[in-house]
Amino acid sequence: MADRTYPDFSRIVPIDTVGVEERVARLNTRSIKKSSKVQALKLALSMLDLTTLEGMDSPGKVRQLCRKAVQPIAGRDDLPRVAAVCVYPPFVKLAKQELRGTGVNVASVATAFPSGHAPLPEKLDEVRRCVDDGADEIDMVISRGEFLRGEYAFTFDEVAAVKEACGPAHLKVILETGELHTLELVRKASDISMAAGADFIKTSTGKVTPSATQPVTLVMLEAIRDHYYATGRMVGMKPAGGIRDAKTALRYLVMVKETLGAAWLHPDWFRFGASVLANDILMQIVKQETGVYTSLDYFSKD
Amino acid sequence: MQRLDVLKTYKLLIGGAYERSESGRYLPLRDKKGGLVANIAWASRKDLRNAVVAARGAQSGWAGRSAYNRGQILYRIAEMMEGRKTQFVAERMREGATAKAAEADVAAAIDLWVHYAGWCDKYQQVFSAVNPVSSAHFNFSVPEPTGVVGVLADAAAPLQALAASLAPVIASGNTVVWVGPAAIGASALTFGEVLGTSDLPAGVVNLLVSERAELRPHLAGHMDVNAVVAVGADDAERKQLQLDAVRNLKRLTFWEGPAADPYRILALTETKTTWHPVGF
């Protein structure tokens, strides 16, 4: 652990907030119609991390979510399955058992989600346990307190240590951008996480408002692009929380395409962390097929 | 120097907000000499979609209010209309009504709101029943709101028509997407401003002005609309509505003209029957 090469923590990438908002607003005017829209909706569906992170989660709820992940509309095989199911650590075994052989990954939040307030050894134990239980992906949270205090080396070491503990599992690093206050700090946290080995960077836990926003996501996508130009390593992006309708999801896809290019338009490189978004995407797909607006009454609640 | 008139843009009421049409379309309102008086937003299919989303979002909260409170709010609407009487009369006259007809329309409309306000906490008692059954059960039926209701309005006696097609629908706890013609657009959308100051929760009443034939198929086909009321529909339109509404077997109701009639409340409720075991 001692021979890590740290990035230059004093480097600040200036972010033009007004410019970022203008860029987002401009991309939002892009209109996607007909067959491209259907294709984009299906792509968004295949990029979903179907998520349940509630204190009242039960085995039954997780099982139901796993069924929905494999077959989003009961009885229809022609729709893509989602990318992963995201659960709390106690449900990893169950989810793995339900999803074995389906191609849907199991993602587990870990490292004292959502606050991140726990000693590092405990966090690492939790991560190892999740991976042993069968988690394919680990969603960690950074210690925002240390980060905001300027302890950037702490954040770097933390991410690097968790990455090591993950072993074969993919690591997504949650920055919790709602607590980072400025876009400069979002950019800094993104750069540190990627340098420390993150496979994905993720906006939010979904427990803090604001969660994912388009400007924050654009800044993180640009960080990924710069990291790719500097090192040649592709890092994935996952906005999570607050993306509730298909229309917004398509706007995110436009941002990804325009910032990172078509290579990132794949579940391996871009994910949506969401729960209610799934039904809205399904409703839009059915609307495109039948021509009439549909109702939540006809989709499974989760 | 002559002062320039400030022309009003009449905006749609969607989810408690006053909005121009998503489409950017509008219809000019002209006086008898052909001079431009105002522009009226002209709702599109997507405005209808947004209005249904707003109505669905507001439905459970509105139905969850106490019946007494719904009555208070309907009465408040009458109070607010009374305060704006002269404005409504002027607006009706600009739409072509005579002073006498306009005054009569406004007064009758206010009375209709008071009438239906009174029914809010009474219709359940009148239309509920305790049913005789040949088993050890206490069996009773109560009316409950249908859900989201679409209203297709016509142009006759607009303020009374608004009252008689909105009040009985929302009295029981339904929410409404109302679609009316441009001929009465100005008074209907001014009435929307009354709703904004009547303690009515956002989204309970949504007012759209558009071509009836343009929005009708989308309203009747919408799977999240539970019932459609068509005012002044001819045989051809009734048939078309039935065809469009068949997919989710929506409740279709046809009304002619305004009326103070509690059966209009009943028409947009579903009867829930409960079997309660007794004798153990």
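Begin with the largest nonpolar core, which has 87 residues; select Ala44(A), Leu48(A), Val85(A), Ile138(A), Ala249(A) and Ile281(A), the members that touch the most others. Helix H10 of chain A, residues 246–260, gives the most to this core, with eight residues. A nonpolar core here is a set of buried Ala, Val, Leu, Ile, Met, Phe, Trp, Tyr and Cys residues joined through C-beta atoms within 7 Å. A residue is buried if 20 or more other C-beta atoms lie within 10 Å of its own, exposed if 12 or fewer, and partly exposed in between, with C-beta atoms placed from the backbone. Helices (H or I, at least four residues) and strands (E, at least two) are DSSP runs numbered from the N terminus.

The model is a predicted one: local features need pLDDT of at least 70, side-chain atom pairs count only at pLDDT 80 or more, and totals for chains, interfaces and linings use all residues. Residues are numbered from 1 along each chain as its sequence is written, while chains are lettered from A and ligands numbered from 1 in the order in which they are written.

Stay with Ala44(A). Leaving out residues up to four places away in sequence, Ala44(A) touches Ala246(A), Ala249(A), Leu250(A), Leu253(A), Phe272(A) and Ile281(A). Two residues are in contact if their C-beta atoms, placed from the backbone, lie within 7 Å.

Next, display the open sheet of eight strands in chain A, whose order is S7-S6-S5-S4-S3-S2-S1-S8, with parallel pairing. Strands pair if DSSP finds at least two bridges between them. Strand S7 (236–238) and S8 of chain A are at the edges and have a single partner strand each, so one side of each is left without a neighbour in the sheet. From one strand to the next, the twist averages 25°. Axes are lines fitted to C-alpha atoms, for helices over the stretch in contact, and angles run from 0 to 180 degrees between N-to-C directions.

Within this sheet, select strand S3 (residues 105–109) and strand S4 (residues 137–141) of chain A, which run parallel and are joined by three bridges. Ala107(A) stands opposite Glu137(A) in S4(A). Helix H11 of chain A (residues 276–290) packs on the sheet, where it touches strand S1 (48–51) and S8 of chain A, and its direction makes about 105° with that of S8(A).

Now move to Pro267(A), in the loop between H10 and strand S8 (272–274) of chain A. Pro267(A) is buried because 20 other C-beta atoms lie within 10 Å. Apart from neighbours within four places in sequence, Pro267(A) is in contact with Ser46(A), Met47(A) and Ala83(A).

**Crossing to chain B**

At the boundary between the chains, five residues of chain A are in contact with seven residues of chain B. The residues on the chain A side comprise three nonpolar, two polar and no charged. In this count Ala, Val, Leu, Ile, Met, Phe, Trp, Tyr, Cys and Pro are nonpolar, Asp, Glu, Lys and Arg are charged, and the others, Gly among them, are polar.

Of its 280 residues, 45% count as buried.

One open sheet of chain B has three strands in the order S1-S5-S4, with mixed pairing. The edge strands, each pairing on one side only, are S1 (8–10) and S4 (26–30) of chain B. Five bridges join S4(B) to the antiparallel strand S5 (residues 36–41) of chain B, and Tyr26(B) stands opposite Ala41(B) in S5(B). Helix H7 of chain B (residues 185–195) packs on this sheet, touching S1, S4 and S5 of chain B.

Continue to strand S9 (residues 175–180) of chain B: six of its six residues are buried, so S9(B) is largely enclosed by the rest of the structure. Thr175(B), Val177(B) and Val179(B) are buried on one side, and Val176(B), Trp178(B) and Gly180(B) on the other. Strand S8 (residues 148–152) of chain B pairs with S9(B) in the parallel sense over five bridges, and Val151(B) stands opposite Trp178(B).

Finish at strand S7 (residues 137–145) of chain B, which a hairpin of five residues joins to S6(B). S7(B) also pairs with strand S13 (residues 269–277) of chain B in the antiparallel sense over nine bridges, and Pro143(B) stands opposite Thr271(B) in S13(B).
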